Amino acid sequence: MTKKSILAPLLPLFVLAALCPPTYAQDAQALVEGAVTYYRGKASMALVDMTIHRTHWERTLTIKGWTRGQKDSIFTIIAPPKDEGNGTLKRGRQMWIYNPKVNRIIKLPPSMMSQAWMGSDFSNNDLAKSDSIIKDYTHTITGTESDGGKKVYIVQSMPKPEAPVVWGMQRLKIRDDHILLREEYYDENFELVKAMSGEQIQMLGGKLFPKVWKMQKADVQDEYTLLDYKELTFEQDLPGRLFTLSALKNPGR
Amino acid sequence: MSVDVKMAWRNIWRNPRRSVLTILAIAFASTLLVFMLSWQFGSYDTMINASVKIHTGHLQIQAKGYMDKRSMRLVVDDPAAVGAVLNKIPGVAAYTFRAEAFSLVSSKERTYGVVVIGIDPLREAGVSTLKKLIRRGSYLTATDSNQALVGNLLAKNLQVNLGDELVVLGQGRDGSIAATVVKVKGIFRSGQDEFDRGAVHIPLEDFQDVYSMRGAVHEVVAAAGSLGQVPEIRRAAAAGIARLDEEDHLVVLDWMGLMPGLIEAIKMDLVSGFIFYIILIIVVAFSILNTFLMVIFERTREFGMLMAMGTSPGRLTKLLLIESASMTFVGILVGIVAGVLTTWYFQVHGIVIPGATEIMRQYGLPERMYPQLSLLSVSIGPCVVLLITLLTALYPALRVRRLRPVEAMAAA
């Protein structure tokens with residue numbers, strides 16, 4: 001008997017091992033899903049101050065928003081008065097915007113999805129694809145660090161081959177209590193484009209939540225967009241009529 | 001006149017037909033080069049003028065950084081003051097003000113992201129060809145409000161026609177949301193797809209109102225009387241603006257800075273032109289080499305005789321070089337004169353490219369193209385021909401030295 005034949009009975013085991021995805025990948029997927037589910041909840045209502053900061057200029061908008069599940073959201077501006085009533089509705093990958101002055105609803109074409117939303121550092125894509133991180137990426141945990149006694153996982157997310165995404169890679173920092181601390185966006189050359197980080201973790205809507213989110217482009221120091229949660233409540237569900245085109249004209253009804 | 005020169009001159013005219021043909025070959029090459037180069041330079045002037053007149057203008061005054069960033073907040077605060085500076089510069093033919101914003105433009109059917117441009121209808125007509133480019137409907141008047149001019153490709157994409165409504169949605173100078181509804185008044189076509197697909201013009205006053213511009217504009221666009229005046233105007237404008245603009249945040253850009261692609265295209269065209277000229281010169285060089293070699297074969301006996309009589313090989317070489325040099329000089333002189341005369345005729349009368357008139361007019365190009373004589377266009381070609389011909393003539397002239405008198409005289 002040769003050596004080969006001794007190993008032969010073991011071969012199916014190797015094949016089996018190769019076919020099964022490594023368990024840590026599943027962990028990473030579960031970790032990311034957990035984080036998204038945690039910050040979106042089943043449904044939520046929020047009042048947010050969005051501050052767009054530029055070198056010689058700053059502007060704050062107050063936005064009221066509703067989200068349901070991982071796909072539907074609707075935002076409307078309630079201050080300053082000049083922009084009051086401007087709204088954005090997002091269902092799945094589709095987005096509509098409404099302007100009260102001309103009383104029209106415009107559906108955003110795909111070519112506009114990478115443009116800035118309301119002049120901020122958030123793109124329309126950032127809003128429309130909030131569940132894209134779950135569906136379109138493969139996740140691996142590349143390391144851990146500790147933050148105030150809590151374990152923080154560093155997740156590297158590579159887009160799936162056919163996924164309709166603009167990023168070449170994302171990196172997430174997720175605390176072991178599901179709180180997303182940081183999301184980094186990389187281009188195809190794996191250069192950092194922009195990053196969003198959560199700060200001031202405190203009790204909001206009945207759970208620990210970063211009160212302030214900061215989105216900043218990688219190549220500028222003095223320009224960023226802050227989202228400051230003034231109010232946040234999580235609901236079991238919200239009625240579907242809140243996320244319709246007619247609701248966009250009369251939000252919250 | 002030394003004996004050598006006299007001998008060379010007589011030798012040339014001993015076989016007039018051959019010499020005249022050689023001279024004509026050189027003359028023809030020189031004429032062609034003078035004309036082609038002048039034509040090429042002239043067509044660049046026409047091209048540049050035509051391209052800048054579609055939209056860009058010869059010069060623009062903008063806030064520093066606006067060219068690259070296109071940020072709404074980088075504005076010319078006091079356009080009237082800049083206008084006053086331009087009024088005092090003699091070479092400025094006309095100027096206008098524009099404001100631009102990237103916005104969403106939406107018809108009933110579709111939405112596209114385009115540049116919305118606020119224009120002053122009266123001044124704009126003096127600077128750009130926009131008014132002449134209107135294919136359907138009509139141009140804006142000074143009193144129009146909530147009307148728009150749309151590129152033909154954009155109109156097709158949006159599926160709109162004259163009188164249809166467009167919703168414009170963008171962001172104002174103060175960051176607020178800018179929105180308005182305009183009616184399509186005219187549809188233009190420039191032939192530059194990017195422009196025809198991506199631009200909507202509305203009256204400047206509407207623009208300033210909708211986009212909260214507070215009287216500011218993004219560009220002051222100037223047209224020069226001629227392309228040659230641009231550098232001078234640029235200097236004068238920069239000096240005038242420097243006095244005006246204490247914070248030093250404005251900048252004067254000329255068409256080369258505004259349309260870097262145009263200069264690139266011209267460079268490409270020059271290179272391909274030069275390849276053609278080099279081929280032409282090589283052909284001429286071979287024909288000259290051929291003639292000079294023939295001379296030696298035909299006159300082998302004669303050279304043998306001269307050598308037998310005590311002429312040194314060096315003197316023979318000299319003799320042959322004088323012959324070829326005189327023919328070259330005569331040829332080039334004739335060529336330059338003929339070239340300048342032909343070019344000058346067309347420079348005055350222009351050249352109509354048959355069949356292209358309609359297309360040229362459609363795109364705002366003049367139907368006649370004019371070559372442009374200059375010291376450069378007249379001298380480059382003939383100089384290269386001179387150099388190549390003289391180098392070519394060296395070979396046969398040196399070959400003579402290898403002749404042995406007795407064998408040479410025995411040759412047929």
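Predicted model: local features only at pLDDT ≥ 70, side-chain atom pairs only at ≥ 80, totals over all residues.
Chain B contains 17 helices and twelve strands. Its radius of gyration is 32 Å, whereas the globule rule gives 22 Å for 412 residues; the value is well over the rule, so chain B is more spread out than a compact globule. The C-alpha trace of chain B spans about 100 × 45 × 35 Å along its principal axes. Of the 412 residues of the chain, 50% count as buried. Among contacts in chain B with a separation of 6 or more, 78% are between residues 24 or more positions apart. As to charge, chain B carries 40 positive and 34 negative side chains. The centres of these two sets lie 14 Å apart.

In chain A, one residue was examined individually. A:N86 is located in the loop between β3 (72-79) and β4 (87-91) of chain A. The relative accessible area of A:N86 is 4%; this is under the 20% cut-off, so the residue is classed as buried. The side chain of A:N86 reaches the backbone oxygen of A:D83 at 3.0 Å. Leaving aside residues up to four places away in sequence, A:N86 touches A:F75, A:T76 and A:I77, together with A:Y98, A:N99 and A:P100. The list of residues touched by A:N86 also includes B:I177 of chain B.

Conventions:
Residues numbered from 1 in each chain as written. Chains lettered and ligands numbered in written order. Heavy atoms only, no water. Helix = DSSP H or I, 4+ residues; strand = E, 2+ residues; numbered from the N terminus. Rg over C-alpha atoms; globule rule 2.2 N^0.38 Å. Buried < 20%, exposed > 50% of the residue type's maximum accessible area, 1.4 Å probe, protein only. Contact = heavy atoms within 4.5 Å. Lys, Arg positive; Asp, Glu negative; His and termini not counted. Charge placed at Lys NZ, Arg CZ, Asp CG, Glu CD. Polar contact = N/O pair within 3.5 Å; in protein donor to acceptor, adjacent residues only side chain to side chain.
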